[in-house]
Amino acid sequence: MSSDVVILAEKLNKCYFIYDKPQDRLFQMLTRGKKRFYHEFWALKDVSFEVTKGEIVGVIGQNGCGKSTLLQMVCGTLASTRGKLETKGRIAALLELGIGFNPDFTGRENVFLNGALFGFSEEEMNERLAEITAFADIGEFLDQPVKTYSSGMTVRLAFAVATHVEADILLIDEALSVGDAAFQFKCLKHMENLRRKGITILFVSHDMSLVQSFCSRAIYLQHGEVKADGHPEAVAAQYFFDTREQHRRALGLKHPLRQQTPLGNPPEAAAFGNGMGEIVDALFSEEHARQIQMPLGAEVRLNVELRCPPDEDVALAVAIQNHRLVEVSGRRFALEANGHAHRRVQITLPGVFAPGDYFVTLRLVQQITHIDYLPLQSQIAALHFQVIDPKGEQDFLGLCRTAVRLEELPSQPLRVVALLAVRNEELYMERCIRHLVEQGVEVLVIDNDSTDATAQIAREWLGKGVIGIENYPFEGFYDWKGLLEFKARLAQSVEADWFIHHDADEIRQSRREGETLVQALTRLDGRGYNAINFDEYVFLPQDRGGLLLDKALPGTDYVADFPLAYYFAPTGQHRINAWKKNGHPVDLAGSGGHRVSFPNLRLAPERLVLRHYPCLSKEHLEAKYGAERVYSREEVEKLGWHGDRVGFKAANVSWPQPEKLLSLEDGWPTDRIWTGHPFLGKEHKVLRPVPFVVGVGRSGTTLARLMLDAHPELSIPSETMFLAGLLDSPPASVEEFTNAVTQCHTWGDFHISEDELRTALDKLESFSLGMAVRTFYQLYAAKQGKTRWGDKTPPYGQYVDRIADILPEARFIHMVRDGRDVALSYQDKWFGPEDKSMSSMATFWEERICLTRRLAESLPADRYMEVRFEDLVMVPEETLHRICDFLHLPFDAAMLDYHQKAQERLEEMQDHESNGQQIAAREDLLRIHKNTLRPPDPGQIGKWKNALDAADIATFESIAGDLLRDFNYELVTENVHA
């Protein structure tokens, strides 16, 4: 080892013996190595590096990569399995919080104890005591037992001792993350002084900006091996690339990130992306160069050429970084789609930077959730500029000139405009407009040649909330399609942030008490959403006793007078009526006004409230929907719009009993769903929540199905499978639906004849996919003597958003099991992923779960839950209570005795065939579910610990470790390195 080298590692390896049971250690000792009772875990593999005197080296990497093991070996508390490790000089270490301290000793006594461990006499430590106590700055606590200290106080004292004992090498393992910001700054200044004295520092941290700004070199460990060793900026770029790629996999995104050719110069420059976009070139505008020098205060422009997806919105992030690539300033610029793939932009940087070297990093990104951005390409340190100040004219402190001042400003809410189309709505107009104005919403009225006082009321509100009155001519019939298209055109031309497609008989509001509609939209806009769904509650002109109002008078405050309503949701996304103006044309007519659509729609999972007052009295109902209203033939015959409003007959009207309705005191519940309007003569069917059990295969979905199916009210068939095909290719008729279902390979499992299904479907008044699917499940449940139904088909996790759209009653129970047990369970099975290697299984498990989670983001919180298989096995009653509450289903103890009928329920399954070919034999299907024929078995949990070897475990955790941790599963690699 040369004179300048103070740490030398050559082919350093560290292996841990992992015993599954404590007694295995004894067996291993008794057999004297003749039989192995352990599996190996290699925490470090062939690690080689050297550190010279005075270097500050940062060691980075994800949890479990071997950082802490390496530092423990350097300081001598761990021995290597093989390889060479040499150090030169005295070593001081901060490896774990409080290590080396006796908790019962005072802080002062621990100072002398640690000094003795370093070879200092009491007299020598007395000479250093004043400096140590001043640096620790813990006051009177110095004479209190260390066990009474907070974590921050402990690390203060430990750092003070370690850095004042004249060590030649200082090792720090994340200790500074515990202290406050002021103490961290104090420590960094002190370590910089130590560096100047020639002291070597080996520094473990997850803070990349700290590593880049403080260290002269970085070592990146991955899975126990050196992935990169060199300049901190280059090593950090590699680490960021790997982290981004892991994030990409966690989000279930298809295109992997690749390292690409950087525009700038190494070692700072790096580039990576997924190939879906590119920063083609970047140059300083005037110099046509990527590196320039500029005087203090000079403004600089740069031209950037981009290749973007032509029909998708993107953003260009511009970051200004100092010479260590620590960000000083920056901004993200939204670039809305314009149909062109190649785009050029010019960016202007004001002359506010202090003298020094700066880099410009460019990131072309695409927003995929309200908090997640997908990097299409990142060009790190693409440009380099140097600010010089030869005349010493700098008149500000820090890296940027900034004028700091505080001024109280009025809040600037969004401008929200309601597009209100009306014809003869005088009974609603005053109350509707007043409410919108109170909610902060401006109103643009579209009058369809009203013949009553509707237009006059609107004119009275001009300048007081109504911003204009547009005329749409009445051609003798109700032209709803034309009105919707007219609204869509107005939304393109009117200046506003958000629009609401509004009718006069509606009152819209936030669910949050005291929050206006504009405040709610502002809040959700700030989270990145650009469309809002409303839960519709239909209020009837009845008092609490059910008494019906015969005649309505102008000025009636129906909002205050009508207390009873029902929750109306014929589809899952029934009322997407508010949207953010984004440069794209919107389509309202495609859904009959129920759901706005436009490119890159990001629907908020939180729903606002729509109070619908379709009529204000019995007389008003007959006048509003009676013979006077003539509908467009195209809308009725071709588009199938208006439903029971066409041919309305007062004699068919029914008014529900008050006990069947909701009262305002109930809040805004969604567990009783109505799909028809009784005031239009429609038989009102109330839908109750139904479970859809989904998840990765072998995750306990069958156990959950049998438990729920044992409930006296609930019937769940074995895997249906056909719904995915129906969603991908929606049938247009009963005939197409019947053919698709009966030709599915699972059809024989349901024991329903084709004639029975067809007869039930023929009773539908009109065909829709949702009603047809619901009819199948209801028929199945009826044959089992049950009143409620559900589904258990694991792959439907990839369709949760589309199922929710056609079945508003669907509630998704996402079963999750430890992925290592899932991988083990698949190993000897004839089904599942074709590639059953551990890396492929980890990717499969992670991607499937993350995809379901991502699709469920658009669902309200009360329609999606996650349940761990382990909880269902270990605490079944508690977990089933939670599931029943989610489904608004009373708990029944029969669910705990599911195994008594499990054999009977599983034997429904028949041989599965497709196109005359057998896919699966009945015996095989029964065999793979054999564990559900008995009570929950805790032995099924954690089997991977005995069955998988250390290499397979490490492989799985390296890919899916973050997701395992997210579900509170234990990680072996973390325990080994802890």
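This section describes selected features of a predicted model, from a sheet and its helices to salt bridges and the surroundings of single residues.

An open sheet is built from six strands in the order β5-β6-β7-β3-β8-β9, and the pairing within this sheet is mixed. The edge positions are taken by β5 (residues 91-94) and β9 (residues 225-230); each has a single partner strand, so one side of each lacks a neighbour in the sheet. On average, neighbouring strands of the sheet are turned by 15° against each other, with direction ignored. In general, strands of a sheet pair through backbone hydrogen bonds, in either a parallel or an antiparallel manner. The pair formed by β3 (residues 56-60) and β7 (residues 200-204) is parallel and is joined by four bridges. Within this part of the sheet, V59 stands opposite V204 of β7.

Two helices are described against this sheet. Helix α2 (residues 67-75) lies across β3, β5, β6, β7 and β8, and runs at about 155° to β6. Of these strands, β6 spans residues 169-173 and β8 spans residues 217-222. Helix α5 (residues 151-162) also packs on the sheet, where α5 touches β5 and β6. The direction of α5 makes about 170° with that of β5.

In β13, one face is covered and holds I292 and M294, whereas the uncovered face holds Q291, Q293 and P295.

The structure holds 44 salt bridges. One of them links K84 and E86, with a distance of 3.2 Å between the closest N and O atoms. K84 is partly exposed, at a relative accessible area of 33%, and E86 is also partly exposed, at 29%. Another salt bridge is formed by the side chains of R301 and E299, at 3.1 Å from N to O. R301 counts as partly exposed at 35% relative accessibility, and E299 counts as partly exposed at 48%.

A salt bridge is also present between E438 and R434, where the closest N and O atoms are 4.0 Å apart. Both residues belong to helix α9 (residues 426-438); because E438 and R434 are four residues apart there, about one helical turn separates them. In general, an α-helix has 3.6 residues a turn, so residues three or four places apart point the same way. R434 is partly exposed, and its relative accessible area is 31%. Elsewhere, E506, R508, E536 and R575 are linked in a network of salt bridges.

Helix α16 (residues 701-709) is largely enclosed by the rest of the structure, because nine of its nine residues are buried. The buried residues of α16 are T701, T702, L703, A704, R705, L706, M707, L708 and D709. Among them are R705 and D709. The cut-off behind this description is a relative accessible area under 20%.

Q743 is located in the loop between α18 (residues 734-742) and α19 (residues 754-762). With a relative accessibility of 61%, Q743 counts as exposed. Along the chain, Q743 and F722 are 21 residues apart, and their C-alpha atoms are separated by 8.9 Å.

A421, in contrast, is buried, with a relative accessible area of 10%. A421 lies in strand β20 (residues 416-422). Apart from its neighbours within four places in sequence, A421 is in contact with I446, L483, K487 and H502. A421 and L608 are 187 residues apart along the chain, and the separation of their C-alpha atoms is 21 Å.

Key:
Residues are numbered from 1 along each chain as its sequence is written. This is a predicted model: local features need pLDDT of at least 70, side-chain atom pairs count only at pLDDT 80 or more; totals for chains, interfaces and linings use all residues. Side-chain values use heavy atoms; hydrogens and water are left out. Two strands pair if DSSP finds at least two bridges between them. Axes are lines fitted to C-alpha atoms, for helices over the stretch in contact, and angles run from 0 to 180 degrees between N-to-C directions. Contact means heavy atoms within 4.5 Å. Buried means under 20% relative accessible area, exposed over 50%, partly exposed in between (1.4 Å probe, protein chains only).
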